[in-house]
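The sequence and structure come first.

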Amino acid sequence: MSTHAPEKTRIKEPLLSRTGAMLVMAVCTLYFLVPIWWLFVGASKSSDQFTSTNPLWFADFDLFANISDLFAYRDGVFLRWMLNSILYTGGAALLGTVLAAMCGYALAKYRFRGRELLFNVVLSGVLVPATALALPLFLLFSKVDATNTFWSVFLPSLVNPFGVYLARIYATASVPDELLEAARIDGSGEIRTFFKVATRLMFPALVTIFLFHFVAVWNNFLLPLIMLSDERLFPVTLGLYTWNTQVNQIPELRGLVIVGALLSITPLVIAFLLLQRFWRNGLGAGAVK
Amino acid sequence: MTQTLVASRHEPHRSDPKPARAVRHGRAVPFFVVPFGVLFILFYLLPIGYAIVQSLYTVERTGTFGPAREVFGGLTQYERVFSDGAFWTSIGRVLVFGVVQVPVMLGLALILALLLDSGLVKGRRFFRLAFFVPYAIPGVIAAIMWGFLYSPNLSPLKPVTSAIDFLSADLVLWAMANVVTWVYVGYNMLIIYSALLAIPAEVYEAAKLDGASQFRIAWSIKIPLVMPAIVLTTVFSIIGTLQLLAEPQVFRSFSSAVTSTYTPNLTVYSTSSIPNFNLAAAFSVTLALTTFVLSFAFLRFTSRRGEQ
Amino acid sequence: MRKSVSAVSALLISALALAACGSGGSSSDSDTGAAAASCAPSSGPVTLTYTTWIPGIEDVVKVWNDKNPNIQVKVQTGPNGNGGTYQNFFNQLKAGNTPDLGHIEYDALPSFRVQDGLFDVQSCDIVAKAKDQFIPWTWNQVSFGDDKTAYGIPQDSGPMALFYRADLFEKAGIPIPKTWDEYAAAAEKVKAAGGYITNFSQSDINQFAGFAWQAGGRWFANDGNQWTVNLTDDNTKKVADYWQNLISKKLVSTVPPWTTEWDNAYNSSSAWTWVSAVWGANSIMSGAPKTAGKWRVAPMPQWSAGQSVAGNWGGSATAIFKTSKHPYEAAQFALWLNTSEEALGLLNKAAQLYPATTAGTKYSYLTNPVKFYGDQKIYEVFAQAAGEVTPDFTWGPTMTATYANASDGFKAAVSGSGTLTDALTSAQKSTIDTLKSQAIPVKE
């Protein structure tokens with residue numbers, strides 16, 4: 001069995017449909033990319049030309065000068081922020097995905113008392129607004145004197161109730177009990193079976209969970225805003241926000257915010273491109289079952 | 001990416017809920033559950049409990065500069081919440097926002113996913129990436145960018161923006177809806193698209209042999225099969241809508257129409273910066289319950305529809 | 001496995017119990033916090049933490065650190081006050097882990113005082129002795145009118161004056177307005193010449209507060225037992241009606257402040273004047289580079305001819321938090337930062353801060369001609385204004401809420417629904433509600 005092959009169908013489709021479809025795609029591409037193009041063009045201008053020249057076309061191309069200004073500003077704190085973001089986001093998403101997968105797998109494959117209760121409690125965790133969690137978390141971390149540390153942002157970011165939900169459904173669907181039984185008969189321990197057999201079958205789902213989680217952590221700026229007071233621990237979103245609030249004192253920062261915004265997109269685009277490759281493998285693996 | 005988001009058909013082991021037989025392997029359960037469970041308790045349940053407790057206290061003080069004491073006040077803060085007109089207006093506002101924006105966004109995401117999946121389009125990898133890129137932009141930054149794009153004087157779309165004031169009281173809600181749509185269409189499209197990819201090819205074979213058009217196939221086979229994915233993205237969009245914070249907060253600085261209580265979460269934030277922690281906690285708890293009720297109602301509604 | 005379930009539920013219960021005592025604990029924390037530390041020197045070397053959003057502050061602090069190996073200061077930065085740092089201070093006060101020193105604007109000081117979060121710096125001899133170095137009204141901003149106590153060291157101030165486009169006024173043959181009546185008359189002529197006399201700051205209420213301050217409006221008073229809120233006194237109403245009239249006649253533009261849109265209004269010569277604080281000089285320079293050489297500064301227009309009263313917009317203090325273990329050393333640092341010529345010079349260079357000391361306004365860098373302003377010695381105008389600010393303007397204890405309410409109403413007025421006075425009336429009411437919900441005694 002294979003995924004369906006578009007090549008076969010394409011020939012049959014009338015030209016009109018194809019043109020119409022491409023037109024919709026083209027319009028949408030403009031809608032999604034023009035603002036990014038504007039950001040790119042804006043990032044390449046001096047602050048003077050930013051307001052005085054055509055916003056969608058280049059004036060003097062100062063992008064590299066702007067980037068080196070950005071990197072030089074306050075001893076390269078921006079690079080530090082990028083690194084922090086990658087650590088917070090990548091680390092939390094990676095570890096969080098493993099934890100969610102383990103929990104979801106257990107919920108799917110073992111029967112134990114309180115299983116449904118646990119599942120329901122975890123699932124309703126999805127509904128809690130971030131604002132409701134951030135402040136109590138700060139006060140709780142204060143009690144153990146752990147605010148303003150890497151861990152105060154990293155640890156709460158590990159928890160992803162939605163990932164557990166996805167992992168459970170996917171484990172139910174894609175890991176046959178027979179296979180687990182066979183592994184047991186071969187003498188493989190439960191934990192070993194999970195890591196050697198189940199995770200492979202669940203891989204596409206794990207990539208999905210990772211992507212969801214990655215972006216959720218990437219976008220969460222309220223928690224670091226409340227937790228962190230040391231600039232050197234900031235993720236890039238908080239850093240850029242901070243600069244943006246100081247624009248009326250130091251207007252030069254506006255240019256840096258724009259260049260910084262452009263550069264801050266790159267890690268996610270790279271993550272996406274990498275995941276895209278995994279997806280295809282994952283889908284192939286999923287199709288073999 | 002996942003079969004999970006595809007309605008179950010042709011997947012025998014799923015329609016066969018064999019009882020998991022692992023009772024005797026139970027010792028492994030703590031290994032799997034405890035790491036997540038501990039973190040969940042520490043960083044979800046504990047703060048929620050703390051917020052609930054906080055919301056039951058009120059502040060007392062003596063004199064103008066006397067120290068504050070927190071005393072148990074029962075539901076005093078909730079009385080304030082329920083008599084706060086601005087808060088409920090803001091809930092109404094985000095509901096109107098959601099009723100319009102969520103279907104538009106998901107409709108667009110569905111159409112794009114179907115087109116990508118239909119074979120009518122060349123360069124799918126490019127489009128997939130192009131539509132997803134806005135999602136890489138954090139909400140705060142996206143709102144700042146669109147603020148420029150709406151500007152009557154500096155926008156690249158100046159002919160439009162100087163004629164129509166997108167930041168006026170009448171339009172600013174929809175200006176924000178556009179920002180949210182712009183950011184999230186690609187993300188939702190990917191969820192639906194991956195659900196489509198997971199549909200086995202032979203499901204279509206019969207329809208193709210009958211000469212059904214792509215439109216027919218999309219309407220009567222693909223959409224029903226990816227319904228679970230659509231329901232899921234809808235629930236998430238409802239939750240996201242009720243929790244709007246970054247966009248209105250940024251828009252406050254360039255639109256005169258966005259007030260400090262424009263969305264429920266903005267009310268929570270401005271209350272806690274007074275600082276009135278107890279009232280802010282009561283607002284958050286109420287907002288979480290409202291979200292819960294609405295998402296639950298939606299899920300019930302769709303599952304009943306599904307049974308019919 | 002049953003064990004694990006009961007373990008989980010036990011954890012859960014203990015978690016909730018912890019949350020419960022957590023809340024009780026925090027109230028006792030603030031009780032113990034009330035026992036103020038005295039201003040005694042610590043033994044041995046200390047490290048102080050200082051949270052501020054002044055750009056370039058590290059360079060200033062480094063000078064101090066190099067000279068004072070036993071009192072090292074560690075800087076923490078964040079967003080500007082209302083952008084998140086005040087919120088963080090409040091959170092930290094509640095949790096009992098504030099920095100030693102914090103940057104707090106004058107209008108936010110009472111909020112922290114009401115939360116009982118500030119150390120009385122006047123209990124330090126060195127501070128009490130230095131009091132006379134400060135411009136009296138700036139000291140009043142930190143002492144709330146009480147001679148015996150003070151809750152911060154004044155850092156900078158924002159005396160107001162009139163920035164105007166000399167070239168445009170000359171070309172149109174309009175005299176530079178000396179009173180508000182002349183200003184309104186000029187507004188009509190400027191409109192006829194195709195411009196706006198100024199941009200009314202709809203969402204930044206502080207500018208309006210500066211106008212009200214000059215006109216004799218007194219928004220808050222505190223007699224020791226309770227607060228009085230009076231956002232709608234006659235003098236404030238006079239100011240509100242005045243600007244409402246200009247808004248209704250569309251003689252002023254109403255672009256949101258601090259946006260590129262707003263910069264553009266000045267850069268493209270559509271706005272001809274700006275009644276602003278001393279730090280506004282830099283905003284124009286960077287926001288409107290095309291207008292270099294064309295701006296001048298004159299004293300703020302007066303309500304009656306012949307008067308000379310100025311308003312103030314902005315300014316901040318360096319406060320010491322009550323939880324600081326080293327208030328004496330913190331006070332030493334704060335005094336150096338805000339009174340020494342060296343530090344004030346660096347602060348002015350890094351962030352254009354305008355000093356709050358009398359001597360500070362006479363330093364050489366503030367008496368030089370400024371090229372952007374056609375070589376006018378603009379800071380002399382501000383130095384004079386600094387001496388003309390009336391001393392007894394008091395801020396309220398929940399200014400963030402008051403600002404939010406008033407600015408919501410101002411925005412409505414600008415979009416044509418309601419008036420500025422309506423906005424102030426509604427802000428008056430909701431300010432009183434906010435105070436009451438915080439159990440702060442207030443006169444109805």
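The text below goes through chain C and then its contact with chain A.

The model is predicted: local features need pLDDT of at least 70, side-chain atom pairs count only at pLDDT 80 or more, and totals for chains, interfaces and linings use all residues. Residues are numbered from 1 along each chain as its sequence is written, and chains are lettered from A and ligands numbered from 1 in the order in which they are written.

Chain C has domain 1 (39–157 + 314–371) and domain 2 (200–251 + 398–444), with bounds from an automatic or database domain assignment. Their C-alpha centres lie 28 Å apart. In the contact between them, 7 residues of domain 1 of chain C meet 6 residues of domain 2 of chain C; two residues are in contact if their C-beta atoms, placed from the backbone, lie within 7 Å.

Helix 10 (residues 234–248) and helix 17 (residues 420–437) of chain C have axes that come within 8 Å and cross at roughly 140°. Axes are lines fitted to C-alpha atoms, for helices over the stretch in contact, and angles run from 0 to 180 degrees between N-to-C directions. Helices (H or I, at least four residues) are DSSP runs, numbered from the N terminus. Residues in this contact include C:Trp243 of helix 10 and C:Leu424 of helix 17.

Chain A gives 27 residues and chain C gives 31 residues to the contact between them. On the chain A side, helix 7 of chain A has the largest share, 6 residues.

The table gives residue classes: Ala, Val, Leu, Ile, Met, Phe, Trp, Tyr, Cys and Pro count as nonpolar, Asp, Glu, Lys and Arg as charged, and the others, Gly among them, as polar.

| Contact | Classes |
|---|---|
| Side of domain 1 of chain C that touches domain 2 of chain C | 3 nonpolar, 3 polar and 1 charged residues |
| Helix 10 of chain C with helix 17 of chain C | 4 nonpolar, 3 polar and 2 charged residues |
| Side of chain A that touches chain C | 11 nonpolar, 10 polar and 6 charged residues |

Methods. Helices (H or I, at least four residues) and strands (E, at least two) are DSSP runs, numbered from the N terminus.
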